[in-house]
Amino acid sequence: MGIDKLKRETAVDNLRRKAEERLLSAEKTGLEHLQPDGDSQRLCHELEVSHIELEIQNEELVRARDETDIALEKFADLFESGPVGFLTLTRDGTVKAVSLSSANLLKIDRAQLLGKRFGLFVNNESLHAFADLLDKTFTDFTKVMLDVAIQPEGNAPIFVQLLAKAAASGQECNVALIDITQRKRAEEALSLSEQRYRAVVEDQTELIFRYRPDGSYSFVNAVFRGFFRKTDEEIIGQGWHHDVVAEDIPMVEERLMRLCPEHPVVEVENRVIAGSGEIRLMQFVNHGFFDEKGRLIETQSVGRDITEHNRMEEAVRESESDFRTLAETVPQIVWATSADGRNTFLNHRWVDYTGLTPEESSGHGWITPFHPDDKQYAWEAWQRATVRNEPYSLECRLRRADGNYRWWLIRGAPVQNAKGEILKWFGTCTDIEEIKQNEKALTAYARRLIILEEDLRKRIAADLHDDIAQTLTALGLNLSYLSNHLKDGQRENLDVTVADSRKLVKDVSRSVRNLMVELHPHQLEEFGLVAALRPHVEQYANRTGFEAVLDADVNFPRLSAKKETALYRIIQEALQNILKHATATKVTITLSRMDGGVRLTVTDNGKGFVPEAGSPQPTGSGWGLTNMRERAELIGGRFRVHSVVGEGTTVEVEIKGTKVAASS
């Protein structure tokens, strides 16, 4: 009360001061001629001051009224259309006054609200709580707040927050309505998301849990509870330190201290004590959540048991160690690559031989020391093996550290998973230079033997012609002479014997002639390859019962004696192989011209075979094929074998740069 009195006295003093200031100003502007004396002068002065005070009060009242009207207009606008709605309710909840914003908020016409009980628009689930709000408002005369659901007719439910306070009369209350529909929807979505999160978390096979900055658990999933054999009541609120092996706790704490907004994820591997009492090695991925000030709020962790995985890794490391020890002791080069052919291991023998460092040999660097003529072939051989998912082998030349090349036998085998997919390759390289040199020497010997054989065939054929054939001819003549000069008495006894002897001489002569043709057909030298082959093929068909066909270009040229002889011998050998091994019924011999040379093919419809792998042009297996290849290479030809199991075999010889022999 003292403060209010002081304020009033101060206002009066200010009003009188303003009046005297205005009176003094008026006197200075034209009233100096009025000079009353004594009491009259003081009375006039008081009257004038009072009059001016009244004028000032009137001005202030007018200004206050105008300000009040403006404030009232603003309040009315706010009341009618502000973001908050307003209601006036009686004790029984009847709407006595309602703002336009309330009607819009509730999506109900204002006229329909006035005089109606507000409870009619409240959702049934919220009616009891609304009744309690009215009772408490008029009983306690305090502000009461409540969230209720409103069900507008023909519209989706909305949620409002009611803030009620009883009026001084105690017969009605003023209620503020705030639309919280979006907040409620967000809360429902958050609740649904939380339910889904929990469902996902509970379905996981990993241990999932959250803990506070002090280390106490705030949530654990079922897998966590099962792993440690504890209930929620035994876990929630307890610290993770109780579950970790004591020796590992300092390490875990040090790693978790690294969590920060810039690095919110930390991975830790440590030992824990499972519910069974067994110590297990776990891997935990910890994700920290921070507030806007960078303070840690909570950490979520996902853990998985890596005990067996760690044991397997240790076993793999031991196995790899054993492999490396073995690889470094064998005399071969040992290598390993990934599924895509990138080098993952090479023993020291590779480094010693090639002079390449492991870095230079990494990736696909292993192809570097291959001979230029072998690189593509080696790469394609590996790719074919990858497609077929099978081991492979090939012979290639590798450059030594001093620049010289040596022959190596390269073998590789894939390592597959349970689905048959290639995981990696293991292989070896074996130095076969000495074997190759021996093969080269044997090839030279074989070629020399072929030349000697041909010379020997000629000499034997000539000897048969000059000696045995002539002797047989003379023997035949002698027998004819004896047959003609036998006396009548002797003819009956010897005629049969002489006739049989003459037949034997003819048979032997025929055999000798056939042998001479086999050894060295005179048609080959006189008439050429095609002419020599026709009777040979005909005799072969008659002897074997095969369908034998000779298909020769009409303009097939005469070749040098050496080349014609080689081709003739190759055909002989091929026909002999077919008879022995092919189980065929038909054979076709083709002689054709090609650009810059000639081609020979011998094709059968037999059972076929799998040609020998490991060289750019497989030559097959067996001494017959080797002889044919040697004869072809001896005359500068290229020898090939194409064979498919169940379909037959084709022997092919190509001779390029062939010159036509001069006609004799």
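Me: How many cavities of 30 Å³ or more are counted in this structure?
Reply: The model is a predicted one, in which local features need pLDDT of at least 70 and side-chain atom pairs count only at pLDDT 80 or more, while totals for chains, interfaces and linings use all residues. Residues are numbered from 1 along each chain as its sequence is written, and side-chain values use heavy atoms, without hydrogens and water. A cavity is a set of points, on a 1 Å grid over the protein atoms alone, where a 1.4 Å probe fits but cannot get out. With 30 Å³ or more as the limit, the number of cavities is two.

Me: What volume does the largest cavity have, and which element gives the largest share of its lining?
Reply: The volume, which is the space filled by probe spheres set on the grid points, is about 190 Å³ for the largest cavity. Its lining, meaning residues with an atom within 4 Å of a point, holds 15 residues, and nearest the centre lie Trp335, Trp366, Phe370, Tyr392 and Ile410. Two or more lining residues come from each of β11 (333–338), β12 (343–346), α13 (372–388), β13 (392–399) and β15 (422–431), where helices (H or I, at least four residues) and strands (E, at least two) are DSSP runs numbered from the N terminus. The largest share, three residues, is given by β11.

Me: Which element gives the most to the lining of the second largest cavity?
Reply: The second largest cavity, with a volume of about 150 Å³, is lined by 16 residues, and those nearest its centre are Phe209, Trp240, Val244, Asn270 and Phe284. By class this lining has twelve nonpolar, three polar and one charged residues. At least two lining residues are supplied by each of β6 (207–211), α7 (222–228), α9 (249–256), β8 and β9 (279–290). The element that gives the most, with three residues, is β8.

Me: Why are Glu308 and Arg311 separated by about one helical turn, and in which helix do they lie?
Reply: The side chains of Glu308 and Arg311 meet in a salt bridge at 2.8 Å, N to O. Glu308 is partly exposed at 40%, and Arg311 is partly exposed at 47%. The separation is about one helical turn because Glu308 and Arg311 are three residues apart in a helix spanning residues 307–329, namely α10.

Me: What N to O distance is found in the salt bridge of Arg317 and Glu314?
Reply: Arg317 and Glu314 are three residues apart in helix α10, so about one helical turn separates them. Arg317 counts as partly exposed at 41%, and Glu314 is partly exposed at 35%. Elsewhere, salt bridges that share partners join Glu278, Arg280, Asp305, Glu308 and Arg311 into one network. For Arg317 and Glu314, the N to O distance is 2.6 Å.

Terms used. 1 Å grid on protein atoms, 1.4 Å probe; cavity = no way out; pocket = protein on both sides within 12 Å on 5 of 7 lines; lining within 4 Å. Nonpolar A, V, L, I, M, F, W, Y, C, P; charged D, E, K, R; others polar. Salt bridge = Lys/Arg side-chain N within 4 Å of Asp/Glu carboxyl O. Buried < 20%, exposed > 50% of the residue type's maximum accessible area, 1.4 Å probe, protein only.
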